[in-house]
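My notes follow in the order in which I checked them.

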Amino acid sequence: MRRLWSHIIITATSLLMIGATFNTVFTKIDSNIEFESGRELVFRVMQKDDDGNIDKEFVFGNDEAVKETAKIMEERLKTAEISRYKIETQGNDTIKVSFTQDTDQQYRIIENYLSFNATLAISNSKETYALATEFLNPDKKAYLETSANGLPAVVIPINFDNEMFQAVYTEAKEMADSGTGEVVQKSDSGQGEEGEGEEIHFAYLYLWYNYIEDYYSYSKINQNSPDTYDPTIANKILMTFDAANPFLDDKNDALRSYIRPGIEEGQEITPESLKDAYENGRYFVNLLNSGEMRYHVEFLFSHKADLWVEDLFALGNHMTVAFSRILIATLCAIAVTALLLIYFYRLGALSVITTTLVSTYLGLILVISFGVEFNIATLIGLLTLAIASIVSGIIYLNKIKEECYRGRSLKKANEEAYKRAFLPIIDVHVILVAIGVSCYLLGGIIMKAFAVVTIIGGLISLVINLLGLRGLLWLITNEQKLAGRYDLFDVSDDQVPNVLEEEKQKYYGPNAEKDFRKRQKPIAIVSLILLVASVTSLIVFGSLNDGAVYHTTPAYGNSQIYVEYTSATEENTALSADIKAKIDTMLAHSYLDNQKLVDIVEVENYDYVSRYESTASGVDTVYYAYYRINFDRPLDGEEVISYRDNNNHELFNEEASVFFTMDTLNSITGANLNFSPDVELSLKNSVRVNADHPSFAPIYVATIVGLGIGGLYLLLRYRLTRGLASLLLNVVTVTITAGIFSLLHFLPVTSYVGVALPFVAFFVSTMIVLLMDKERSLLADERIRDNSVETRGELLNKANSLSSTPIIISFILVLYLSVNYFAFTSGVLSWIFLLIILGASASVVAVLFLFAPCAHFFHKILAKIMLRTPKPKKKKKARPARVSKSAEPEEAIFIGINDY
C-alpha cells in the first residue's frame with residue numbers, strides 16, 4: 001500500500017499547498033478595471049485658431065470635434081498599452097476616459113499624454129529659443145534605447161543645421177565651455193574667498209511643452225531665484241540636455257537624454273527603480289511622437305471610476321480574496337468537474353484533477369511574475385489552460401482503458417498507454433502554444449494576457465502532464481494490492497479478455513457500433529448556410545459600423561449637468577460654498593414629472609485645478625471648481641423642468657435644455673438663485689464611444705492565424721488530407737461561432753465576446769486530435785497496408801465511432817464549465833461564456849459528423865491527382881554482358897553429386 005499512500009499524500013499535499021497560498025498569491029495580481037476600481041478623467045475640447053490661440057467662447061455646433069479627439073485618445077491609450085478603457089463623450093465638448101493604473105504617477109502620465117497637444121520649444125538660459133517646427137526632424141520619430149550602463153535614453157532626431165537651433169545650441173555650448181553657465185554646483189575640494197567650496201557652472205538645453213513666447217523664461221524655472229521661481233511653469237520643462245555633450249553621436253542628428261531612476265544619490269539601482277525609469281522613458285517618447293491635435297484639449301478633473309464586473313478583493317486589516325461570483329463559480333467548477341471525472345474514470349481521475357489544478361495554479365503565478373494584468377482575457381486563458389490539462393488526462397486514461405480491454409494488466413496498460421498518449425498530449429499543447437503566440441503578436445493588447453498564460457503555462461502543463469501525470473498513475477497501477485482492480489479505472493472485469501486462454505478483444509467502447517454518417521448531409525447543408533450567413537453578417541456589419549460587428553452599447557447612457565466655477569484665488573472657497581448652496585436650492589425646488597430633482601440625481605464635487613490662461617493683462621492663473629449632477633436616465637433636452645416655491649407653487653418652467661442655463665436661472669425673479677457670472681451650467685448627454693471593447697478583427701485574425709499554424713503542424717503529423725480537413729473545419733467552426741451573435745444583431749452583445757474565439761479554436765482542434773490519433777492507432781494495430789480511398793474511409797469512420805466517447809466526455813466538461821460561469825457571472829462575462837457554449841457545441845457536431853466526410857473528400861481529390869500525374873520513367877541501368885561458360889564442368893559436378 002506504500003505506493004497508494006504516496007499517491008494520496010502527493011495529491012493531498014498539492015491541493016493543501018494551493019489552498020494555503022491562494023490568498024497570498026492572488027492578492028498580488030495586477031487586475032484591470034474590470035475587477036478593480038480605476039479613475040475617470042474628464043477633458044474639455046476647445047476651439048483654437050491657426051495661431052494656436054484658444055477661443056473659450058466658441059460653442060461647437062456638432063459632435064465632430066469631440067469624436068475626432070476621442071478617436072485620437074483611443075489611439076494614445078493603445079500606444080500606452082492600456083488594455084481596457086472606456087471613452088464617453090458628453091455634449092459637443094466633453095470627453096470622459098476611464099481606466100486603471102497602479103500608482104498616482106502612472107495616472108498623471110496618462111492624464112498628460114491624453115491631453116498633450118503641445119507646442120514644443122527648446123531654449124537656453126539666455127532666453128534664446130527654437131520652436132519644434134524648426135529644430136525637430138519631421139521625417140524621424142523619437143525612440144528609446146538602452147545605454148551602455150543599462151539606463152534608458154530618449155533619443156530625439158533633430159535638424160542640427162537649422163539657424164534657430166544653432167543659435168540656441170551655440171550660446172549654451174559657449175557657456176558650458178567657459179564655465180559661465182546657469183547651473184551651480186559647489187565642489188568639496190578648493191576654497192573660495194569666504195571659505196566655501198568652489199562653484200562649478202553647467203549649461204543646459206531646456207525642452208519645453210506648451211511654450212508661451214515672451215512669458216516662459218529661465219528665471220521662472222530657476223530655484224535659486226525665489227522671487228521669480230514659479231513651480232507651475234517649471235513643470236513645463238519636459239527634459240533637459242547637457243550642452244557640453246547633448247548629442248547621440250558624431251553625426252549631430254539627435255539629442256539624447258538619460259532617464260535616471262528616482263533614487264537618492266549613493267543608493268543602488270534596483271529592478272523596480274529601473275522599471276520606473278523605462279516607464280518614464282516610454283512616456284517621454286510617446287509625448288514627443290504624439291503630434292498636435294486640431295483642437296485644444298484641457299484636463300478638468302478626475303474621479304473614482306467604479307469597476308465594470310466585480311471586485312475580486314476585500315479590504316479590511318489586510319487585503320483578502322473577496323467571495324465574488326467568479327470565486328463561487330470557480331469553486332463550483334472545481335468540485336463538479338472533479339466529480340464528473342471521478343464518475344467517468346474513477347480512481348484515475350484524482351491524478352488528472354491534481355495535475356490540472358497544479359498546471360492552472362502555476363499559470364496564475366506566471367501571470368503575477370510577469371506583471372501581466374488580470375483581465376477577462378486572463379480568465380479565459382486560465383480556463384483554456386485547464387481544459388488542455390484535462391484533455392491530456394482524458395487521452396491518457398482512455399489509453400489505459402483501451403489497453404485493459406486488450407487483456408493487459410494495469411501495470412502493463414499504464415506503460416503502453418504512456419507510449420501511445422505521449423504524442424497526442426504534445427499535439428494538444430503545441431496547438432495551445434500556437435494559438436497563444438498568434439494572439440500575442442496579432443490579437444491586440446487585451447489578448448497579451450491570454451497569450452502569456454497559454455504560452456508559458458502551456459509549456460509547464462506539457463511537462464506536468466508528461467511527467468507528473470505519468471508518475472501519479474504509475475503509483476496506482478504498480479500497487480500490488482490494486483492489481484486486477486480494473487473497476488478502479490471504470491473497466492468492466494467481464495469485458496477484459498484472458499490472454500492466457502487466447503481470448504480476443506470483445507469490447508471497444510460504448511459507441512463502437514454507432515455510425516455518425518447518417519446525419520452528415522443535413523448537418524453539412526445547415527453548416528454551409530450558417531457559414532455563408534456568418535461571413536456576410538460579419539462583413540456587412542463590420543463595414544457599416546466601423547468594425548463593430550456586434551450590437552453596440554446604447555447611444556445615451558445618462559445625462560449630467562456640469563457646473564463650473566472660476567476664481568482668481570485658490571483660497572476663495574466661500575464663494576464656492578455659496579455656489580454649492582445655490583445648487584442644492586435649485587435641485588430642491590426643481591421638478592421633473594412631479595419628482596424633485598434632488599431625489600433623482602447625484603451631486604459630485606471636485607477639488608480646484610489651476611491653469612495659466614491668456615487674459616487682457618497678460619497670462620494669469622485661473623482656478624476652477626467643478627460640480628457634476630448625475631441623472632439616473634438620459635434626457636433629450638425637451639423635458640419640462642418646473643421651479644416651485646416652498647408652497648409648491650410653480651414659479652416658472654422651461655425645457656431642460658434651456659432650464660439649466662445661467663440666462664434662465666438669473667432672469668427669473670423670485671427664484672432666489674442669482675448665480676454669479678463666474679459660474680457656468682450646461683446639460684450634457686453621455687455618448688459612449690465604442691472604445692471600451694477590444695477590436696473584433698485583430699482577435700479573429702489572430703485566432704485564424706493560430707489555427708493555420710496548428711493546422712500546418714497537424715498536416716505534418718497526420719497526413720495531408722487530414723490536415724486540410726482539420727484546417728477547414730477549424731476555420732468554419734470559429735467563423736460560424738463568431739457570426740452567430742452578429743446575425744442576432746439585436747442582442748446587446750459587444751465585441752468583447754471575441755475573447756472566447758481562441759478558446760473555441762483550441763477546443764475544436766483538440767477534439768480533431770482525438771479523432772486523428774485514434775485513426776493512426778487503428779492503422780498501426782491492424783497493420784493495414786491498403787491505402788485506397790475506400791479502405792481508409794472505412795477506417796476513419798471506425799475511428800470516428802471509437803473516439804466519440806472521449807470527445808463527448810470532453811464536451812460535457814467544457815459545457816458544464818461554460819454553463820457554470822454563465823450562470824454565476826453577469827454582463828459581458830455571461831455573453832462570453834454563452835459564446836463558448838455555442839462554440840463548443842458547434843465543435844463537437846463538426847468533429848463527429850463532418851470531419852470524416854471532409855477528409856474522405858480531400859483523399860479522393862488527392863488520389864485522382866496522383867493517378868493523373870504520370871510517373872517518371874525509370875532509366876534502365878546498363879548491365880554487364882553475361883559471360884557464357886561451357887556447361888560441362890557444371891554437369892560434371894551435378895553428376896558427381898548424384899553419384900555421391
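I take the expected span of a helix as 1.5 Å times one less than its number of residues. Helices (H or I, at least four residues) and strands (E, at least two) are DSSP runs, numbered from the N terminus. This is a predicted model, in which local features need pLDDT of at least 70, side-chain atom pairs count only at pLDDT 80 or more, and totals for chains, interfaces and linings use all residues. Residues are numbered from 1 along each chain as its sequence is written, and side-chain values use heavy atoms, with hydrogens and water left out.

**Helix α8**

I looked up α8, which covers residues 325-345. Its 21 residues should span 30 Å at 1.5 Å a residue, and the end C-alpha atoms are 30 Å apart, which agrees. I then listed its buried residues (under 20% relative accessible area, with exposed over 50% and partly exposed in between; 1.4 Å probe, protein chains only). They are I326, L327, A329, A333, T337, A338, L341, F344 and Y345. Seen down the axis of α8, these buried residues fall within an arc of 160 degrees, so they line one face of the helix. The arc is that of the directions from the helix axis to the C-beta atoms. An α-helix has 3.6 residues a turn, so residues three or four places apart point the same way. L339 and Y343 are exposed on the other side of α8. R346 follows the helix and has a positive phi, near 55 degrees.

**Strand β2**

Next I checked how enclosed β2 (residues 38-48) is. I counted strands as paired if DSSP finds at least two bridges between them. β2 pairs with β15 (residues 296-305) in the antiparallel sense over 9 bridges, and F43 has F299 in β15 as its bridge partner. With β5 the pairing of β2 is also antiparallel, over 6 bridges; there R39 stands opposite F99. β3 (residues 54-55) runs antiparallel to β2 and is joined to it by 2 bridges, with K48 opposite I54.

**T100**

Is T100 buried or exposed? T100 has a relative accessible area of 7%, so I noted it as buried. It sits in the loop between β5 (94-99) and α3 (104-115). Leaving out residues up to four places away in sequence, I found T100 in contact (heavy atoms within 4.5 Å) with S31, N32, I33, E36, S37, G38 and Y107.

**The sheet β21-β20-β24-β25**

This is an open sheet of 4 strands in the order β21-β20-β24-β25, with antiparallel pairing. β21 and β25 stand at the edges with a single partner strand each, so one side of each has no neighbour in the sheet. I looked at β20 and β24, which pair in the antiparallel sense over 3 bridges. S590 stands opposite Y643 in β24.

**Loops with positive phi**

Most residues other than glycine have a negative phi, and most peptide bonds are trans. D593, in the loop between β20 (590-592) and β21 (595-596), has a positive phi near 55 degrees. I noted D593 as exposed because its relative accessible area is 62%. N648, in the loop between β24 (640-644) and β25 (650-655), also has a positive phi, near 65 degrees. At 42% relative accessibility, N648 counts as partly exposed.
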